[in-house]
Structures are given as structure tokens and as C-alpha cells.
Amino acid sequence: MRVALAAVLFSQPDLLLLDEPTNLDLEGTLWLVDYLRLYRATILVISHDRDLLDAVCDHILHLDQAKLALWRGNYSSFEQQRREQQAIQLKQKKKQDDQRRHLQSFVDRFRAKATKAAQAQSRLKMLTKIEPVTAIVDGQVLPFHLPSPQKPLRPPLVAMDDASTGYGEVPVLRQLSLNISDDDRIGLLGANGNGKSTFAKLVSGRLKATAGSVRRSSKLEVGYFAQHQIDDLDPLATPYQCVASLMREGIEAKIRTKCAQLGFPNVKADTQAAQLSGGEKTRLLLGLASFNGPHLLILDEPTNHLDIDSRAALIEAINGYNGAVILVSHDKYLLTLARTASGSWKLIRSNHLMATSTIITNMSSSVLAAATADE
Ligand SMILES: Nc1ncnc2c1ncn2[C@@H]1O[C@H](COP(=O)(O)OP(=O)(O)O)[C@@H](O)[C@H]1O
Ligand SMILES: [Mg+2]
């Protein structure tokens with residue numbers, strides 16, 4: 001991805017077309033944003049990365065219900081203008097509905113009355129002439145459902161002491177010493193290949209420590225959304241089957257209620273995974289991972305298949321969830337908003353974990369480079 005992008009940028013075209021260029025790591029994304037901001041020719045970029053759209057774009061081309069509309073300004077400005085336009089249209093629609101109701105009641109009352117029939121007729125004509133205002137209705141984004149743990153556990157949930165882990169002789173991660181508390185919010189940053197997913201696997205218990213120790217609270221339940229889990233989803237499996245496999249009682253009505261809660265009502269529950277969109281698969285897997293209200297939720301790049309509105313819905317769900325969270329994401333906006341007062345940031349770099357007090361909102365690529373150079 002980096003190489004392909006570098007090759008395109010190197011030739012400095014007059015028109016640069018980029019289709020979702022930010023499936024890079026955070027440093028790559030920050031670098032790209034800086035680069036594009038200063039790019040002197042025309043750029044047309046498709047992206048779900050709000051920071052990039054805000055920093056780089058001065059127009060937004062919005063494709064909605066098979067219509068393209070051009071808006072002046074960056075993404076935040078587009079969002080605000082659109083909200084204002086929606087409010088105006090809703091008001092107009094309400095006014096028009098009242099007017100229509102008024103005319104209709106006149107017609108209904110006086111149509112049969114000889115002295116008023118002509119008036120009723122003209123009102124009927126007026127009614128047919130009213131151009132309906134179609135209020136812009138936002139494509140409804142379903143909320144994500146991340147149930148909180150029923151009973152909090154005494155911290156630490158996980159305690160690591162000088163732990164190493166990896167796949168062969170040479171460990172990927174070394175000298176991991178940290179405690180994870182029940183209210184921790186940990187954002188994992190770091191360039192691709194540095195071991196973020198490996199860390200997630202170690203915490204979830206999918207990888208063992210090759211040296212040192214990792215102790216887990218005995219009642220600990222972990223919800224784990226793995227990075228490439230979407231690709232591993234059985235294409236023939238339906239949400240109904242997935243949910244049923246996690247429920248002890250096999251009562252169909254109860255399973256269907258749960259499916260609907262996860263965002264798969266009615267026939268949607270019987271749709272095979274192959275026919276679900278990336279966003280829907282993510283929704284299903286997140287629902288399954290957090291099914292019983294885990295104490296610790298590990299989300300490894302959950303947003304790769306989510307659009308901007310779904311990402312906002314995910315932020316809301318994470319913020320409403322009461323357990324501990326480990327979040328791997330390259331979406332600066334997500335990491336910023338899904339941070340709580342006690343949020344601690346840990347940066348994985350050069351095979352060990354490093355806590356950073358730098359608040360991510362202030363992070364530019366240069367700050368990030370300085371932070372990682374401190375090691
Ligand atoms: N299943 C595996 N077998 C062998 N090596 C692996 C495996 N998974 C990851 N690695 C290696 O471990 C290192 C860290 O990978 P990973 O944890 O996936 O990084 P990140 O999630 O930060 O991109 C990389 O060098 C990668 O090649
Ligand atoms: Mg990874």
C-alpha cells in the first residue's frame with residue numbers, strides 16, 4: 001500500500017485520484033494528511049477519515065440516493081451546512097403538511113355543498129399543485145450494541161511481568177510489564193508490523209507468554225474483535241446461526257430478539273455472511289464478541305469497513321460501555337473521542353510498550369516522530 005501510494009505521489013500528477021488511501025497505519029496517515037494539505041494540484045479523494053477530509057478538502061462531493069451534490073468547505077463544514085439545510089426543510093415540510101391538511105378538510109366538508117362546490121374545486125386544484133418538499137432524511141445508522149459487564153472485577157484484570165511473546169524463537173514483544181484495570185481505556189498506536197495485534201492476542205489469551213508471566217483474573221471474560229476476523233467469517237453462516245451458537249436455550253423467538261438487538265431484524269437474521277456488507281459483518285462480529293458483557297473488550301482495527309456515520313455510532317457505543325477497552329485504530333478522530341478521563345495511551349514501537357502522555361488531538365506526525373524517537 002505504501003509503495004503503491006509513493007509511486008503515485010512521486011509522479012506529481014495534475015489530478016490526483018485517491019480511493020480510500022488511509023488504510024495505512026497512524027503515522028502513515030498523519031504523513032499523508034500533511035503531504036496532501038500542501039499538494040498544489042487538484043485532489044479527488046474518497047475517504048472515511050474525517051481528519052483527512054477536514055485537513056485536506058475545500059469541497060465535499062456528496063453522493064446520496066444516486067445524486068451528486070457539491071458543497072463548499074471541508075467535512076465539518078459540510079456536516080454543519082447539511083444539518084442546517086435539514087432543519088429548514090423539515091420546517092418547510094411541516095408548514096406544507098399543515099397547509100395540505102387545511103385544504104383537504106375544506107374540500108372534504110364542502111365538496112357536496114352546491115354553494116361551495118366551486119371553492120372546494122379550486123382548493124382541490126391547489127392541493128394537486130403543491131410541490132412536495134422532500135425533507136432530507138439521514139440514512140439511518142443503527143447503534144452498535146456493546147453490553148457492559150454485569151459485575152465489575154477487582155483489578156488488575158490482567159497483570160504482565162516482564163513478559164515476552166511471539167511466533168518463533170525471536171520474540172515480537174519483550175519486557176511487557178503492565179497492569180490492566182477495569183476502567184482502563186488503552187489506545188494502541190504504532191506502525192504496521194510493530195506488534196499491536198500480537199499484543200492483543202497475548203492479552204486475550206490466544207498467544208502464550210514465552211518468558212515472564214501473564215496473569216488473568218480467574219473470572220475474566222474477554223471480548224475480542226480480531227483484525228482479520230471479517231475475512232474468516234464463514235460465508236454461509238447467518239446472523240441467526242451465529243447468535244444461536246452462543247445461546248444456551250434454543251428458543252427461536254429469543255434468538256430472533258437478540259439478532260434484532262444486534263441490528264439483524266426479521267429476514268436480515270437469515271442472510272448469509274457472504275451477502276452482508278463489510279459494515280454489517282463488523283456489526284455482527286462486534287455483537288458476538290461482546291455478547292455476554294465482557295470485562296475487557298479488545299478491538300483490533302474495527303473501523304476498516306465502517307463509514308463515517310458508523311464510526312460515530314461505534315464511538316458512542318464504546319463510550320457507553322463500562323468495561324476496560326483496548327483499541328487499535330488508525331482513525332485519530334475515533335481514538336480522540338473514544339477516550340475517557342482516565343484514558344491512558346500506550347504506544348507500541350520497536351518491540352516494547354511505551355506509555356505516552358501526549359494527548360492524541362495534539363499529535364501531528366512530527367510530534368509522533370519525536371515521541372517515538374525518545375526511546
Ligand atoms: N501468525 C504469525 N506467524 C509468524 N509471524 C507473525 C504472525 N503474525 C504476525 N507475525 C509477525 O509479528 C510481527 C508483528 O505483527 P502484528 O502483531 O500483526 O503487527 P501490527 O498489528 O502492529 O501490524 C510482524 O513482524 C509480523 O510479521
Ligand atoms: Mg495488526
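## Close-up views of a predicted model

**View 1. What sits around ligand 1.** The shell around ligand 1 splits into two nonpolar residues, seven polar ones and one charged one. This is a predicted model, so read every view here with that in mind. The residues surrounding ligand 1 are Tyr167, Val172, Gly190, Asn192, Gly193, Asn194, Gly195, Lys196, Ser197 and Thr198. Lys196 counts as the charged member, because Lys is classed as charged along with Asp, Glu and Arg.

**View 2. The whole chain, before zooming back in.** The protein chain carries 13 helices and 13 strands. Of its 375 residues, 30% are buried. Take the contacts between residues at least 6 apart in sequence: 67% of them join residues at least 24 apart.

View 3. Strand 5 (residues 158–165) and strand 8 run antiparallel and are joined by five bridges.

View 4. Most residues other than glycine have a negative phi, and most peptide bonds are trans. Start with the peptide bond from proline 155 to proline 156, which is cis, with omega near 0 degrees. Proline 156 belongs to the loop between helix 5 (117–129) and strand 5. Next comes aspartate 162, a residue of strand 5. Its phi is positive, near 50 degrees, and this is not a glycine. Is aspartate 162 buried or exposed? Aspartate 162 counts as exposed because it has 12 C-beta neighbours inside 10 Å, and the cut-off for exposed is 12 or fewer.

**View 5. The hairpin of strands 3 and 4.** Strand 3 (residues 59–64) pairs with strand 4 in the antiparallel sense, over six bridges. Histidine 59 faces arginine 72 of strand 4. Two residues lie between the strands of this hairpin, where glutamine 65 takes a positive phi near 45 degrees. How many of the six residues of strand 4 are buried? The count is zero, so strand 4 (residues 67–72) is hardly covered, given that a buried residue needs 20 or more other C-beta atoms within 10 Å.

View 6. Aspartate 58 is in the loop between helix 3 (50–56) and strand 3. Beyond its neighbours within four places in sequence, aspartate 58 is in contact with Gly73 and Asn74. Glycine 73 is 15 residues away along the chain, yet its C-alpha atom is 4.5 Å from that of aspartate 58. Aspartate 58 is exposed because there are 9 other C-beta atoms within 10 Å.

**View 7. Phenylalanine 225 and the largest nonpolar core.** This core has 59 residues, and those with the most contacts inside it are Phe225, Ile298, Val325 and Ile326. Strand 11 (residues 324–328) supplies the largest share of the core, five residues. Now look at phenylalanine 225: leaving aside neighbours within four places in sequence, it is in contact with Leu285, Leu286, Ala289, Ile298, Leu299, Asp300 and Pro302. In soluble globular proteins, nonpolar side chains tend to be buried together.

**View 8. Two loops, one on either side of helix 10.** Asparagine 266 is in the loop between helix 9 (252–261) and helix 10 (278–289). Though not a glycine, asparagine 266 has a positive phi of about 50 degrees. Asparagine 266 is exposed because there are 9 other C-beta atoms within 10 Å. Phenylalanine 291 is in the loop between helix 10 and strand 10 (296–300). How exposed is phenylalanine 291? Phenylalanine 291 is partly exposed because it has 18 other C-beta atoms within 10 Å, and partly exposed covers what lies between exposed and buried. Leucine 246 is 45 residues from phenylalanine 291 along the chain, and their C-alpha atoms are separated by 8.0 Å.

Definitions and conventions: Residues are numbered from 1 along each chain as its sequence is written. Chains are lettered from A and ligands numbered from 1 in the order in which they are written. This is a predicted model: local features need pLDDT of at least 70, side-chain atom pairs count only at pLDDT 80 or more; totals for chains, interfaces and linings use all residues. A residue is near a molecule or strand if its C-beta atom, placed from the backbone, lies within 6 Å of it. A nonpolar core is a set of buried Ala, Val, Leu, Ile, Met, Phe, Trp, Tyr and Cys residues joined through C-beta atoms within 7 Å. Helices (H or I, at least four residues) and strands (E, at least two) are DSSP runs, numbered from the N terminus. Two residues are in contact if their C-beta atoms, placed from the backbone, lie within 7 Å. Two strands pair if DSSP finds at least two bridges between them.
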